[in-house]
Amino acid sequence: IEIELRSMMDEEIARKAAVLDEYENLGIAMVKNYLNVRELPSSDNTKSKIIGKMIHDTACEILDYADGWYKISSGPVTGYVAEEYIVTGKEAIDIAL
């Protein structure tokens with residue numbers, strides 16, 4: 001039974017790891033509710049409209065970074081999110097796994 005459980009766990013990890021192959025620069029949304037994805041790198045609603053939302057632990061591809069904002073792609077949406085709400089690097093990979 002132990003070998004079977006270990007095998008099942010290895011398969012699950014392999015499936016999750018395969019998802020990571022879809023990302024070159026993984027980011028994970030670390031928020032309580034949701035993170036606004038904006039048209040431009042600004043939190044001013046008159047300058048940058050909200051074009052999408054990411055919920056807690058949602059993955060994204062980080063495309064660029066400038067002045068505290070990541071340009072990201074998540075599903076069909078490409079826009080900007082504040083860096084303080086995105087986890088990257090090994091921490092993002094650990095969360096994804």
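Which side chains meet in a salt bridge? Those of Lys90 and Asp94 do, at 3.0 Å from N to O. This is a predicted model. The structure holds one salt bridge. The largest pocket has a volume of about 200 Å³.

**Salt bridge**

- Side chains of opposite charge can pair when their charged atoms come close.
- Here the partners are Lys90 and Asp94, with 3.0 Å between N and O. That falls within the 4 Å cut-off for a salt bridge.
- Both residues belong to helix H2, which spans residues 89-96. Lys90 and Asp94 are four residues apart, so about one helical turn separates them.
- Lys90 counts as exposed because its relative accessibility is 61%. The threshold for exposed is over 50%.
- Asp94 has a relative accessibility of 42%, so this residue counts as partly exposed.

**Largest pocket**

- The volume of the largest pocket is about 200 Å³.
- Its lining is made of 14 residues. The closest to the pocket centre are Leu35, Asn36, Arg38, Ala82 and Tyr85.
- Two elements give two or more residues to this lining: strand E2 (34-38) and strand E6 (77-82).
- Strand E2 gives the most, with four residues.
- By class, the lining has nine nonpolar, two polar and three charged residues.

**Nonpolar surface patch**

- Ile13, Ile93 and Leu97 form a nonpolar patch on the surface. Together they have about 250 Å² of accessible area.
- Ile13 is found in helix H1, residues 2-20.
- How exposed is Ile13 by relative accessible area? Ile13 is partly exposed, at 47%. Patch residues need over 30% relative accessible area, so Ile13 passes that cut-off.

- Most residues other than glycine have a negative phi.
- Asp57 lies in the loop between strand E3 (50-55) and strand E4 (59-66). Its relative accessible area is 40%, which means Asp57 is partly exposed.
- Asp67 sits in the loop between E4 and E5. With a relative accessible area of 76%, Asp67 is exposed.

- Ile72 has its place in strand E5, residues 69-74.
- Is Ile72 buried or exposed? Ile72 counts as buried because its relative accessibility is 0%. The limit for buried is under 20%.
- Ile72 and Arg38 are 34 residues apart in sequence. In space their C-alpha atoms are 9.9 Å apart.
- Arg38 is also among the residues closest to the centre of the largest pocket.

- Glu11 is partly exposed, with a relative accessible area of 46%.
- Glu11 and Glu91 are 80 residues apart along the chain. Their C-alpha atoms are separated by 22 Å.

Methods:
Residues are numbered from 1 along each chain as its sequence is written. This is a predicted model: local features need pLDDT of at least 70, side-chain atom pairs count only at pLDDT 80 or more; totals for chains, interfaces and linings use all residues. Side-chain values use heavy atoms; hydrogens and water are left out. Patches are made of residues with over 30% relative accessible area and no salt bridge: like charges are joined within 9 Å, nonpolar side chains (Val, Leu, Ile, Met, Phe, Trp, Tyr) within 5 Å. Accessible areas come from the Shrake-Rupley method with a 1.4 Å probe; for residues, only the protein chains shown count as cover. Buried means under 20% relative accessible area, exposed over 50%, partly exposed in between (1.4 Å probe, protein chains only). On a 1 Å grid over the protein atoms alone, a cavity is a set of points where a 1.4 Å probe fits but cannot get out, and a pocket is an open set with protein on both sides within 12 Å along at least five of seven lines; lining residues have an atom within 4 Å of a point. Grid points are joined across faces, edges and corners, and a volume is the space filled by probe spheres set on the points. Ala, Val, Leu, Ile, Met, Phe, Trp, Tyr, Cys and Pro count as nonpolar, Asp, Glu, Lys and Arg as charged, and the others, Gly among them, as polar.
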